[in-house]
Number of protein chains: 2
Amino acid sequence: MLPFRVVDQEHVEQLLDMKHVIQLVERSYTLKEQNEAALFPLVFHEFSPGVADMDIKSGHLTGADIFGLKLVSWFGGNPAKGLPPLVGFVLVLDSRTGVPVGMMGGEAVTLMRTGAAGGIGAKYLARRDSENLLLVGSGHLAPFLIMSTLMVMEHIKKVTVYNARSHEKAVSFCSSLKDKLKEKFLAPYEADAELYRTLLRRIDIIEVAAADDIQRATEEADIILTATPSRQPLIKKEWVKPGTHLSCVGADMEGKQEIDENLFPAARVFVDDITQAVHVGETEVPIKKGTFAKEDIVAEIGSVILGKTPGRLSDDDITIYDSTGIALQDLITADYILKQAEARGIGVVARL
Amino acid sequence: MLPFRVVDQEHVEQLLDMKHVIQLVERSYTLKEQNEAALFPLVFHEFSPGVADMDIKSGHLTGADIFGLKLVSWFGGNPAKGLPPLVGFVLVLDSRTGVPVGMMGGEAVTLMRTGAAGGIGAKYLARRDSENLLLVGSGHLAPFLIMSTLMVMEHIKKVTVYNARSHEKAVSFCSSLKDKLKEKFLAPYEADAELYRTLLRRIDIIEVAAADDIQRATEEADIILTATPSRQPLIKKEWVKPGTHLSCVGADMEGKQEIDENLFPAARVFVDDITQAVHVGETEVPIKKGTFAKEDIVAEIGSVILGKTPGRLSDDDITIYDSTGIALQDLITADYILKQAEARGIGVVARL
């Protein structure tokens with residue numbers, strides 16, 4: 001009988017730190033670019049439209065000797081039952097033998113790898129001297145996106161947060177942001193005094209403000225991260241100044257849209273996976289509306305990380321990173337968790 | 001954190017008995033027919049053609065409040081590493097909340113549900129007075145198919161086993177068959193004296209013989225079950241007498257074929273799932289060769305079980321059941337195991 005490790009959410013959170021997750025997600029992108037990783041077709045099912053659905057994202061990273069899947073259920077009625085609306089898991093198998101290795105709940109992995117993806121967009125596509133970060137959305141993902149960006153960008157001075165539905169929520173989010181960032185993300189670096197001090201300084205130095213005027217906030221921004229379930233563009237083309245970078249992580253199904261489709265024609269557009277981006281990503285609507293074509297996508301982000309394709313060509317370029325979220329990010333992160341858990345004897349070892 | 005149960009293979013074997021599995025598989029078929037269950041698209045990936053592949057079969061049985069998936073890896077090089085070539089798992093979630101419930105290795109579930117499917121084909125499509133059972137293939141599945149057929153057919157007097165590659169293997173299989181059936185399948189019925197005696201008698205009464213002449217064996221057979229990885233028809237049309245039933249469980253991917261495509265035009269053909277049958281089942285090759293059409297399939301088996309479509313119309317009909325193997329069989333069986341395991345405190349309860 002084959003051993004199979006199950007790691008609970010609390011331990012997943014303890015085992016992950018943003019610096020490692022950024023490295024892991026970059027590796028999943030570069031392995032994909034080097035044809036040592038690929039996505040399998042997405043399975044999506046609506047039990048009841050707008051009420052309950054699930055998807056299965058799977059793929060392999062033979063370059064990391066793993067394959068596997070992430071299943072995410074969204075059940076809108078769950079909170080009334082005392083359950084989270086999003087539940088699911090990531091399950092990893094060995095691509096040399098097909099043997100299941102282990103699994104864990106999907107929530108912490110998803111938050112960390114999605115946060116990392118937004119930061120990676122900024123790292124490779126924003127101007128190095130970017131100072132003003134605008135976050136559109138103040139939900140669960142927001143602290144993860146802010147932390148990953150602070151980690152990879154040295155000069156951030158201001159973080160502006162906008163919530164299209166509730167300014168109050170943005171204000172409340174901002175009031176506790178710095179404490180939250182320190183509590184949630186810094187503990188893993190206590191043993192590395194220099195890194196710890198650097199990150200602490202980056203958090204302490206930023207000015208945090210809730211925006212009620214999205215036009216003005218956009219006009220000031222060097223980097224815009226969007227993480228909402230919006231189906232209407234929140235950012236208008238006219239507001240975006242030359243040189244801005246936008247990382248969009250919210251769109252993950254047909255019809256979702258966070259930024260103006262008219263931003264696409266003049267921008268340098270990068271994606272995590274071309275197929276997924278044109279079907280369910282931020283890139284989908286511009287293509288459907290005819291302002292953009294699949295062929296206009298400059299490259300997948302892995303190509304930029306590897307230095308095969310230049311990111312921005314000038315300080316005036318508007319760059320867009322459409323991060324749809326791919327199974328490879330989850331799998332490589334889950335594999336790291338399982339290896340760490342094995343080394344430290346964490347989790348439950350069952351037998352199949 | 002959500003509890004999640006993992007049941008090991010030994011306990012899965014203890015918790016399953018063929019009578020229940022036949023009932024469960026019939027229920028998965030009838031729920032599908034009643035639109036209370038459906039398959040999601042199949043994901044298939046070849047890591048290396050002919051050497052290593054994997055598939056993910058998923059679906060939901062809202063009628064049983066579950067959904068989930070089975071992942072099966074086939075790695076031809078595993079035996080040299082001391083591992084089984086086929087490994088995988090079945091994982092069940094609650095379709096009212098999306099919450100993962102539990103999982104187990106896939107091997108025992110697959111053998112039982114596939115064995116049950118062959119018997120169900122005979123139960124609904126063979127002549128009630130069938131006496132001669134021919135099994136083509138003497139691999140892992142053979143005892144499961146024979147037991148399920150003995151369970152549902154009262155008059156079996158002879159079981160003939162044919163192995164196209166090795167007559168010796170068929171002879172060896174036959175020499176231990178009766179003991180194997182008793183050991184493997186009867187223990188669960190010790191508490192039910194009447195059923196136990198009935199099944200014991202059915203096993204004791206049969207004459208078991210290895211065939212070296214497949215033409216003669218076919219000519220004698222009332223029921224033919226095929227369970228091989230063949231890509232060439234092993235059963236010729238001319239040999240099959242009127243009134244014969246054939247259940248084919250071997251074909252599960254493109255190009256596999258066990259029986260003559262010319263048997264199809266004059267036969268009443270039933271399948272477990274039309275989409276899967278025409279793409280990867282025994283029905284695929286006849287359609288590709290033009291001797292049969294998708295529209296010629298009489299019905300899915302669930303319709304026969306529900307009495308909506310008649311099985312055979314006369315004692316002279318040749319009936320075919322193309323059992324491709326669907327995720328619903330695995331899911332309903334796995335759900336039963338998890339409920340039994342919970343009731344008896346079996347397996348490891350981890351937390352996600």
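**View 1. The two copies meet through the same surface, since 100% of the interface residues of chain A are also interface residues in chain B.** Contact here means heavy atoms within 4.5 Å. This is a predicted model, in which local features need pLDDT of at least 70 and side-chain atom pairs count only at pLDDT 80 or more, while totals for chains, interfaces and linings use all residues. Residues are numbered from 1 along each chain as its sequence is written, chains are lettered from A and ligands numbered from 1 in the order in which they are written, and side-chain values use heavy atoms, with hydrogens and water left out.

**View 2. Eight strands of chain B form an open sheet with parallel pairing, in the order β10-β9-β8-β11-β13-β17-β15-β16.** Because β10 (207–210) and β16 (299–300) of chain B stand at the edges with a single partner strand each, one side of each is left without a neighbour in the sheet. Strands are DSSP runs (E, at least two residues), as helices are (H or I, at least four), numbered from the N terminus, and two strands pair if DSSP finds at least two bridges between them.

**View 3. Strand β15 (residues 268–271) of chain B runs parallel to strand β17 (residues 319–322) of chain B, and four bridges join them.** B:Val269 has B:Ile320 as its bridge partner in β17(B).

**View 4. Strand β1 (residues 3–7) of chain A is mostly covered, four of its five residues being buried (under 20% relative accessible area, 1.4 Å probe, protein chains only).** Four bridges join β1(A) to the antiparallel strand β18 (residues 348–351) of chain A, where A:Pro3 stands opposite A:Arg351.

Conventions: Buried < 20%, exposed > 50% of the residue type's maximum accessible area, 1.4 Å probe, protein only.
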